[in-house]
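The points below may be read alongside the sequence and the model.

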Amino acid sequence: MPPANSNSPSDRPRSRYDAIAIEGFRQFKHLNLNNLGKINLFFGPNNAGKSSILEAIYTHACGLNLAAVMGQVVLNRADNAVSGPLDLGEKIFSLFRDTSSLPYTFTLSAKTLDTPSPYLLKSSFHPAAELSLLDPLGLGQLSGSFSSQTRGFTQLIPARSPTAETRSQHRNIPDTYLGKWSVEFNGEKLENQLYFPQFQFEAKPQFRSATLHEILDHRTLGEDLRIFSQLKRYDIFGQFIAEMKQAFPEVLDIDLIPYPNGTPAPVAIATTDGRRLPLYSFGDGMRRWFYLLGQMLIFQNGVHCIEELEVTLHPAAQSPFIPLLVKYANEFNNQLFVTSHSIEFADSFLEALYGENGAVVNSEEDPVRIFTIKPSAEAGIPEVWPLTGREAYESRHKYELELR
């Protein structure tokens with residue numbers, strides 16, 4: 001097991017989230033989620049707000065770490081691509097439901113099991129006049145104008161390290177002032193002056209260790225190597241391979257052998273038929289299994305927000321995968337928030353946990369919550385239908401309850 005790092009607030013074990021209230025974030029005017037479990041599944045139609053819920057939870061876990069929010073929430077939906085200051089401004093605007101008055105604000109309030117009072121995060125953005133083209137009626141009367149200035153290179157996208165090429169490209173581009181972005185978390189406040197293209201944020205520890213897993217993150221360059229090295233470093237690789245073989249019996253071993261000329265080589269899979277192939281040459285199902293379960297083992301005591309868990313995983317691979325999610329949530333103090341569109345996955349998930357040979361014993365605390373999110377007549381306040389995992393399992397069997 002990875003050693004505890006007592007010097008990092010984000011790595012100190014915390015009790016899991018028990019409830020979260022979302023106000024003014026993305027499309028939500030108001031949303032309350034109560035009685036959260038170790039594993040929380042969100043179902044609902046397209047544009048119901050499932051992805052926004054994951055982003056809200058991740059944003060709260062970031063606390064004052066605005067760099068992580070910028071990289072993983074603001075920029076991630078567009079693959080970290082920004083065409084100019086207006087594009088970045090619009091991406092920031094989209095976080096705030098109400099842009100009719102200044103400053104734009106949203107609040108996220110979350111309670112953990114070990115605290116009587118909620119942790120309150122308030123984010124506010126006061127746009128500069130340079131963004132008035134995005135909203136002439138709302139911003140055209142903004143007093144004053146901020147002249148662009150040229151500053152030394154700092155950092156382009158917090159989620160990625162700048163290369164020599166990007167430094168050369170942007171060193172001489174005048175910065176455009178976009179506005180003031182303030183974050184207040186549990187009484188502590190941090191203000192950031194935001195420029196484009198070169199922006200930076202004061203380094204702050206996150207409230208909780210948190211990761212936001214997109215559908216294709218398993219294809220990200222370098223993730224295989226990072227997971228492999230950490231599993232080896234913490235001496236949990238044998239356990240990981242044994243569990244992976246349950247779903248992919250053709251796996252004999254996983255290794256990393258440099259090329260004969262000494263250059264680095266990718267993580268490779270040794271198969272029972274004598275082949276040794278790079279992990280990237282296998283299907284997305286195996287690669288996503290390696291990525292997600294590797295993340296669970298490496299990033300412990302944290303929050304994992306996973307988009308559409310069933311994507312790329314064949315039903316035959318889901319049966320051994322699902323109990324491992326519960327196992328890792330229990331053993332490594334992880335809390336999972338997962339979205340899905342598939343009723344077949346829901347049935348497979350519930351059967352693996354509550355069926356005849358299910359992984360959850362009747363006497364145990366039910367670790368699963370199912371939330372069905374649907375738009376309501378009142379815009380911005382969706383309907384939420386909560387069930388425990390066992391309630392959902394019994395309702396599916398008895399009444400074929402539609403969870404989506």
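1. Two strands are said to pair if DSSP finds at least two bridges between them. In this predicted model, strand β5 (residues 119-127) and strand β6 (residues 176-185) run antiparallel and are joined by 7 bridges. Within β6, Val 183 is the bridge partner of Ser 123.

2. These two strands belong to an open sheet of 6 strands, whose order is β2-β1-β4-β5-β6-β7 and whose pairing is antiparallel. At its edges stand β2 (31-33) and β7 (188-196), each of which pairs on one side only. On average, and with direction ignored, neighbouring strands of the sheet are turned by 15° against each other.

3. Which helix lies across β4, β5, β6 and β7? It is α3 (residues 85-93), which runs at about 25° to β6. The strand β4 in this arrangement spans 104-112.

4. Rolling a probe the size of a water molecule over the atoms shows where empty space is left. The model has 1 cavity of 30 Å³ or more, and the largest cavity holds about 50 Å³ of space.

5. What lines the largest cavity? The lining consists of Thr 59, Gly 63, Leu 66, Val 69, Phe 106, Leu 121, Ser 123, Trp 181 and Val 183. At least two lining residues come from each of α2 (66-74), β5 and β6. The bridge partners Ser 123 and Val 183 are both among the lining residues.

Methods:
Residues are numbered from 1 along each chain as its sequence is written. This is a predicted model: local features need pLDDT of at least 70, side-chain atom pairs count only at pLDDT 80 or more; totals for chains, interfaces and linings use all residues. Side-chain values use heavy atoms; hydrogens and water are left out. Helices (H or I, at least four residues) and strands (E, at least two) are DSSP runs, numbered from the N terminus. Axes are lines fitted to C-alpha atoms, for helices over the stretch in contact, and angles run from 0 to 180 degrees between N-to-C directions. Contact means heavy atoms within 4.5 Å. On a 1 Å grid over the protein atoms alone, a cavity is a set of points where a 1.4 Å probe fits but cannot get out, and a pocket is an open set with protein on both sides within 12 Å along at least five of seven lines; lining residues have an atom within 4 Å of a point. Grid points are joined across faces, edges and corners, and a volume is the space filled by probe spheres set on the points.
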